[in-house]
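User: I have just opened this one and would like to walk through it with you. Could you take my questions as they come?

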Amino acid sequence: MTTIRRSLAYSIADSYLALPLQIVGTMIISRLLTPAETGVFAVAAVFSAFASTFRDFGVAEYLIQEKELDAEKIRAALTVNIVISWAMGFLLFFAAPLAADFYHTNGVAEVMRVQAFNFLLIPFGAVTMANFRRQLDFRPIFIANLLGNITSFTVANVCAFQGLGYMSLAWSSLAAILVTVGTSMWFRPADFPRWPGIKGIGRVIHFGKFASGIYVFGQLGKGAPEMIIGRAQNMVGVALFSRASGLVEIFYRTVLRSVMPVCMPYFAKSNREQGSVVEGYLTCISYLTVIGWPFLAFIGVIAYAAVRIIYGPQWMESIPLAQVLCVAGAIELIHYLAKEALMAIGDVKRCNVLQVGIQATRIVGLFAVVPFGLYGACWGLLAATVFGTALSQWNLARAIGLRASDVARRCLPSLYIAALSTAPVALWAAAEGISEDNFLRFAFAGGPVTASVWLLALRFFQHPLWDEMTALAQNLILKYRTSR
């Protein structure tokens, strides 16, 4: 358990050190770029992210879950990663004009061409990073990501101040990849295979053909709102939706980004050593919901203040969209780790089918309600999320024996804690209302109040996270006293 805690500590430090850069960077970029420019990059980024799902081809997951990993399998994985990643890079580069014609915006092609070069670099760091995750050695990952985030922040803002518009974000992405890959290679173990190999490639492809489908359909569903809204409406609509979902993404960046890299290795290790992932999965659900539900409820209540502070007055139309997406995000958290649990036990085929069902519902829901505008699109995503959560439970019950009653039992304290935590700010907002005159008070006073009540509620309900937090605090105090 010490290894897991150390890994989480590095991963959490990675997220929380990156958070100020991301928030400050977003605040600056949102004021330097127009909604139309932001929409151009958002659409191009969807194509890049979709190509990335093919590029990954489940190579990292293959290396993490493989019970007997040797140099031969690592070389084979590197070969697959290089071939597919380079192919996706060339495809992205030469398909850029088609995407620009489809959206009647030349800027989409300009961004896509720069992003294509990322695919030539990534394979040389991806396999090394996967090995670090398998070993639960997150220190090199922490350093590489930290340097990459600093680079991205610096390049994006310098370019934006120089008037490069949406290309600022494209160049910052390429610079960050250069630094991250270079750092990962610096930390590569001396005995780690450096060159690709052919032997054993069939095993990687067999695993990857299912795993890649999981990520392809996942990314297709994730990028569907921007792609559909961009075609049905305009780039401004894409930008407004992107900013609304950006508030929910704050939680994903601060918590899920730090937890997700650890979860699958943790599940896989539990499966190898104990033959089951159920208890670990329930524990993770309990922790995610007790942190995520209060956070998303708070953001939903003070959405006016959050949008006004982070994005500025030109983005206020995104407020009602963000509130609906916060509800969808809270529901999604219940089985957000379903994919990791299924892949950890090697059931990639079932995981693939699950992703197809979830994302197909998401796309159908969007097409059904997008004629009703952006607000309707968000409600369509909410309905699709409810269905996806139910489908995940059905599959997990059959794959790992997870009972819905156990999930409800673990999540119920989180619901109570979320309600208690956000009650003071919600009552304040209902009585006074949030406006241009008081949004700063709600943000900077409401946050500490909510956090304080959350801590008290954790202790009152004796949530397991409280025990983890007190143990961590005691260890830090002990280390401080011994160092004096």
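User: Which residues does S414 touch, leaving out those up to four places away in sequence?
Analyst: This is a predicted model, and in it S414 touches S286, T289, V290, W293 and H463, once residues up to four places away in sequence are not counted. S414 itself is found in helix α18, which covers residues 404–432.

User: Is S414 buried or exposed?
Analyst: S414 counts as buried, because its relative accessibility is 0% and the cut-off for buried is under 20%.

User: W293 was one of those contacts. Which residues meet where α12 and α14 come together?
Analyst: On the α12 side there are W293, L296, I299 and G300, and they meet Q323, C326, G329 and A330 of α14. Sorted by type, the residues of this contact are five nonpolar and three polar, with no charged ones.

User: At what angle do those two helices pack?
Analyst: Helix α12, residues 278–301, and helix α14, residues 319–332, pack at about 170 degrees, and their axes are 9 Å apart. The two helices are therefore roughly antiparallel, since the angle is over 145 degrees.

User: Stepping back, what is the secondary structure of the whole chain?
Analyst: The chain comes to 20 helices and zero strands. It has 484 residues, of which 54% count as buried. Among contacts with a separation of 6 or more, 84% are accounted for by residues 24 or more positions apart.

User: Which residues touch the most other members in the largest nonpolar core?
Analyst: That core has 62 residues, and the ones touching the most other members are L247, Y281, L325, L396, L402 and I434. Helix α12 gives the largest share of this core, with ten residues. A separate core of 38 residues lies apart from it, and its members include I74, I82, A96 and V111.

User: What does L402 touch?
Analyst: Not counting residues up to four places away in sequence, L402 touches V278, Y281, L282, H335, Q393, L396, A397 and V407. As general background, in soluble globular proteins nonpolar side chains tend to be buried together.

User: Changing topic, how many disulfides are there?
Analyst: A search of the whole structure finds zero disulfides.

User: Where does T128 lie, and what is it in contact with?
Analyst: T128 lies in helix α7, which covers residues 123–134. Leaving aside neighbours within four places in sequence, T128 is in contact with S184, R188 and F192. T128 counts as buried because its relative accessibility is 3%.

User: Last one: where is F461 found?
Analyst: F461 is found in the loop between α19, residues 439–460, and α20, residues 464–483. With a relative accessibility of 30%, F461 counts as partly exposed.

User: How far apart are F461 and I417 in sequence and in space?
Analyst: F461 and I417 are 44 residues apart in sequence, and their C-alpha atoms are 8.0 Å apart in space. Leaving aside neighbours within four places in sequence, F461 is in contact with Y416, I417 and L420.

Definitions and conventions
Residues numbered from 1 in each chain as written. Predicted model: local features only at pLDDT ≥ 70, side-chain atom pairs only at ≥ 80, totals over all residues. Heavy atoms only, no water. Axes fitted to C-alpha atoms, helices over the stretch in contact; angles between N-to-C directions. Helix = DSSP H or I, 4+ residues; strand = E, 2+ residues; numbered from the N terminus. Parallel < 35°, antiparallel > 145°, perpendicular 65-115°, else oblique. Contact = heavy atoms within 4.5 Å. Nonpolar A, V, L, I, M, F, W, Y, C, P; charged D, E, K, R; others polar. Buried < 20%, exposed > 50% of the residue type's maximum accessible area, 1.4 Å probe, protein only. Disulfide = S-S within 2.5 Å. Core = buried A, V, L, I, M, F, W, Y, C linked by side-chain atoms within 4.5 Å.
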